[in-house]
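Here are a few notes to read alongside the structure. Take them one at a time and keep the picture open as you go.

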Amino acid sequence: MPDPILTLSNITKRFGSLVANDDISLRLHAGEVLALLGENGAGKSTLVSILFGHYVADAGRIEVFGKPLRTGDPKAALAAGIGMVHQHSTLADNLSVLDNVMMGSESLWRPFTRKRAARTTLAGVAQRFGLVVDPDGRVGNLSVGERQRVEILKALYRGARILILDEPTAVLTPQESEALFEVLAQMVAKGLSIIFISHKLAEVLRVSHRIAVLRGGRLVAEAGASQTTEGQLAQWMVGHAVAMPHRRPAQSVGDPVCVIREASTAIAREQLVNVSLTLNAGEIVAIAGVSGNGQVALAECLSGTRVAVSGSVELLGHAMSTQPARLVELGVARIPEDRHGVGIIGDLPVWENAVSERLRSKAFSHWSWVRRAKSRAYAQRVTAVFDVRGAGLAAPASALSGGNMQKLILGRALLHPDSQASKTVTPRLIVAHQPTWGLDIGAVAYVQQQLIAARDAGAAVLLISDDLDEVLMLGDRVAVMHAGRLSPARKTQDWSREAIGLAMAGGTETGAGDSSRETQTAGP
Amino acid sequence: MRLERREVASGAALILAPIGAVGFTLLVSSLLVLWAGAAVGETYGLLLRGGFGSVFAVSETLTRAIPLMLTGLAATVAFKARLYNIGAEGQLYAGALAAIAVGGLHGGTGFDLPPPVLFVLMMLGAAVAGALLLLGPALMKLKLGVDEVVTTLLLNFIVLLAVSLMLDGPMKDPTAMGWPQSVALVGDLELSKLIPQTRVHTGLLWAVSLAAGLWALLKYTVPGFDIRAAGANARAAAFAGVPVTRTVVIVALLSGALAGLAGAIEVAGRTGYVTLDMSPGYGYAGIVIAMLAALHPLGVIAASVFVAGVLVGADSMSRVIGVPTYIADVIVAASLISVLVATMLTQYRIRFG
């Protein structure tokens with residue numbers, strides 16, 4: 001085997017008592033895709049942040065093309081040929097593609113920019129790697145997939161020979177992901193090397209040559225992609241075998257719980273346009289789609305935090321209340337997408353967060369005085385039943401990890417204060433928006449099992465997810481959201497992956513040609 | 001150099017932070033005292049004796065602490081809900097004017113109410129005046145997104161000019177030999193003295209009770225939860241069913257009312273009438289006190305006594321040796337900065353490189 005072009009030796013990084021990276025050594029060869037696989041908090045981001053100069057390692061050395069890399073300086077990393085594509089776009093929306101690509105690579109002291117030369121260089125790079133983008137298009141008008149292509153182009157324009165991609169497929173449709181994988185294959189064929197960060201097992205096996213698995217800050221395994229399996233990788237990631245829930249279709253579908261007819265919301269970045277949907281008791285309806293296509297509006301319409309300006313939204317035969325506290329009383333369990341920003345009030349203690357939704361009910365307050373003992377007892381039950389760990393009841397909720405926060409939100413939504421061991425009170429409607437996003441595999445399985453159990457107990461479940469595997473695994477019926485519109489909900493077995501991917505991009509099976517033209521001429 | 005968040009607040013830091021804060025404050029002030037050519041030990045000794053060294057000193061400090069406590073509470077409740085009320089100074093004056101309007105102007109009009117009723121009306125009038133003054137900026141913030149820091153700050157100057165107008169016009173005291181001074185409060189309405197032969201008055205009991213009341217409200221009630229939740233994370237609060245808009249309006253009324261009461265209690269307890277220099281910046285000092293108290297209502301009691309003690313002590317000290325009273329402002333400011341930095345260091349650590 002030839003010499004590695006990038007060598008990480010014994011990298012260790014501590015944050016206080018937490019060891020984010022523990023003695024990690026890795027090599028990357030020319031023309032290789034190395035996947036960094038691991039759960040949230042395993043140390044993937046810390047490792048590449050050290051590599052890219054955002055952090056300084058407490059110990060260890062980095063060598064690029066045989067020379068030691070100056071630490072703590074992103075400019076040194078760029079000069080050494082390391083390029084980074086972040087998970088979320090770092091481009092300026094109001095500038096053209098060309099301006100964005102040039103930004104940062106020109107001297108501040110030069111009176112004129114060298115646009116013409118840059119244009120030629122960019123065209124050359126684009127041609128070489130098959131990355132077609134209009135250099136004069138405004139970035140604000142580009143789709144997410146196109147933006148990512150611009151980010152890659154920007155790194156290549158600066159002469160990157162090692163490209164780091166942080167969870168690149170998180171925001172892409174299946175088709176866009178495929179297109180990305182083809183681009184990566186071309187780049188590797190031309191001798192570039194790629195570090196591909198992901199927690200999705202299937203795609204890691206699909207794109208990479210070698211896979212390094214991180215767990216708890218340690219490098220626990222390294223294997224060739226052809227020599228391992230999804231099950232093996234999952235076991236390395238978690239540290240023990242994981243039983244994922246299996247698809248189990250609904251047994252008995254009951255009466256409609258929630259009926260949405262031709263609902264539209266006020267014009268905004270996220271809006272609904274003539275959406276119709278019926279949610280029945282004992283059934284999971286899953287909404288697929290790239291996030292940002294109106295899913296937030298749909299979830300908020302059913303959570304009491306947004307109103308439809310036309311059409312109707314009915315819960316149990318009555319117009320949907322716009323008071324969250326009232327909805328909770330009626331049996332709506334709400335799991336918001338943004339657990340830090342919406343689900344939890346991080347500065348307030350865990351026990352207050354556990355009762356926040358029901359504080360106005362008789363169970364937890366009397367004449368506006370909070371029943372603290374009852375509230376704490378309920379919080380104690382939620383944390384015990386849903387296994388919320390990491391912080392006491394009196395600690396601020398921000399001390400919880402993402403997974404434990406989600407368990408707290410799930411617990412307070414699903415565990416009715418009147419529930420006893422003998423008699424459980426099940427919610428009528430569960431609105432779960434990205435309930436497993438960013439959770440580790442064990443927590444994902446737990447959350448999914450809870451949703452299935454609630455459905456089997458008779459709850460109507462709306463699952464909004466941009467993880468297509470989750471949609472297909474949990475959904476009894478599936479609808480696809482694009483640009484605020486919702487496709488008809490059809491039985492899961494009546495959808496193919498391709499059809500869902502097409503609908504996610506705004507096409508229909510009959511109008512596939514139209515849709516591809518539409519995306520290309522999206523900009524004015 | 002960068003800051004990294006600590007996973008757990010460090011025990012050593014929790015103990016060292018207040019000690020370090022006090023040390024830093026003393027160090028900064030000592031340098032200025034040395035610069036003024038005075039002995040450091042003697043200066044601090046005189047300052048301490050002047051603020052707390054005798055019954056008279058303590059009574060003066062407590063007298064000064066009363067308006068500070070109330071404006072400190074006004075800032076505390078507003079800041080808890082992230083309503084940045086910088087207008088307590090104006091609300092204090094509005095309350096003082098309202099107190100005189102109810103309790104001073106009616107003399108000889110035949111409109112006579114028994115003093116206890118009038119007293120309640122006077123306090124109510126002052127609270128309403130302060131509350132209404134903050135209601136406007138709060139509504140503009142909620143409905144139009146206008147920054148309340150700007151509106152409340154600028155309202156202070158408008159109110160001060162309005163006070164000037166009243167003192168030279170409708171409320172002018174005809175017996176004051178041309179001084180811009182309002183008519184005096186009816187004697188029956190003045191607050192009685194807490195300690196005979198001193199200036200400290202029963203307003204102190206009002207202020208301490210209001211602090212305790214606010215503490216109980218925030219800690220034990222649903223509206224208190226609403227205030228803390230709306231301030232900590234408005235979106236999450238709305239999701240959980242907190243009426244965020246209504247809560248901010250209530251907070252504005254409460255905060256303005258507390259500042260307005262500061263004005264009325266100052267008039268009824270100390271001055272007896274309104275002048276343009278009635279408050280040497282009590283409204284602004286309330287912000288400092290709220291921050292020193294880490295927005296804790298009971299902490300406000302301690303913080304206002306501390307600040308008042310430093311101010312009163314510096315006054316008395318500067319009469320003996322040649323250190324200007326402004327050293328008090330330096331001590332208060334340095335202590336605020338060092339407390340804020342110290343609090344931050346209990347949650348973050350500094351890393352070099």
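**Notes on the two chains**

1. Let's begin with chain B. A compact globule of 353 residues would have a radius of gyration near 20 Å, and chain B comes out at 22 Å, so the two agree. Bear in mind that this is a predicted model.

2. What is chain B built from? Its secondary structure has 13 helices and two strands. Of the 353 residues in chain B, 47% are buried. Now take the contacts in chain B between residues at least 6 apart in sequence: 78% of them join residues at least 24 apart.

3. Now for a pair of helices in chain B. Helix H4 (residues 88–103) of chain B and helix H10 (residues 244–271) of chain B have axes that come within 7 Å of each other and cross at roughly 50°. Angles from 65 to 115 degrees would count as roughly perpendicular and those under 35 as roughly parallel, so H4(B) is oblique to H10(B). The crossing of H4(B) past H10(B) is right-handed.

4. Who does the touching in that pair? On the H4(B) side, the contact residues include Ala88(B), Leu92(B), Tyr93(B), Gly95(B) and Ile100(B). On the H10(B) side they include Gly256(B), Leu261(B), Gly263(B), Glu266(B) and Val267(B). Sorted by class, this contact of H4(B) with H10(B) has 14 nonpolar, five polar and one charged residues.

5. Another pair in chain B is worth a look. Helix H2 (residues 40–52) of chain B packs against helix H3 (residues 55–80) of chain B at an angle of about 75°, and their axes are 5 Å apart. That angle is why H2(B) is called roughly perpendicular to H3(B). H2(B) brings Arg49(B), Gly50(B), Gly51(B) and Phe52(B) to the contact, while H3(B) brings Ala57(B), Val58(B) and Thr61(B). By class, the residues in the contact of H2(B) with H3(B) are three nonpolar, three polar and one charged.

6. Over to chain A. With 524 residues, a compact globule would have a radius of gyration near 24 Å; chain A has 25 Å, so it agrees with that rule. Its C-alpha atoms fill a box of roughly 70 × 55 × 50 Å along the principal axes. You'll find 18 helices and 23 strands in chain A.

7. How much of chain A is buried? The share is 46% of its 524 residues. As for contacts in chain A between residues at least 6 apart in sequence, 67% join residues at least 24 apart.

8. Is Ala179(A) buried or partly exposed? It has 17 C-beta neighbours inside 10 Å, so it counts as partly exposed; being buried would take 20 or more. The C-alpha atoms of Ala179(A) and Leu131(A) are separated by 9.9 Å, and these residues are 48 apart along the chain.

9. Finally, see where the chains meet. On chain A, 30 residues are in contact with 20 residues of chain B. Helix H10 (324–330), helix H11 (339–343) and strand E18 (369–370) of chain A each give at least two residues to the side that touches chain B. By class, that side of chain A has 14 nonpolar, twelve polar and four charged residues.

Note on methods: Residues are numbered from 1 along each chain as its sequence is written. Chains are lettered from A and ligands numbered from 1 in the order in which they are written. This is a predicted model: local features need pLDDT of at least 70, side-chain atom pairs count only at pLDDT 80 or more; totals for chains, interfaces and linings use all residues. Axes are lines fitted to C-alpha atoms, for helices over the stretch in contact, and angles run from 0 to 180 degrees between N-to-C directions. Helices (H or I, at least four residues) and strands (E, at least two) are DSSP runs, numbered from the N terminus. Angles under 35 degrees count as roughly parallel, over 145 as roughly antiparallel, 65 to 115 as roughly perpendicular and the rest as oblique. A crossing is left-handed if the near helix is turned anticlockwise from the far one by less than a right angle, and right-handed if clockwise. Two residues are in contact if their C-beta atoms, placed from the backbone, lie within 7 Å. Ala, Val, Leu, Ile, Met, Phe, Trp, Tyr, Cys and Pro count as nonpolar, Asp, Glu, Lys and Arg as charged, and the others, Gly among them, as polar. The radius of gyration is taken over C-alpha atoms; the globule rule is 2.2 Å times the number of residues to the power 0.38. A residue is buried if 20 or more other C-beta atoms lie within 10 Å of its own, exposed if 12 or fewer, and partly exposed in between; C-beta atoms are placed from the backbone.
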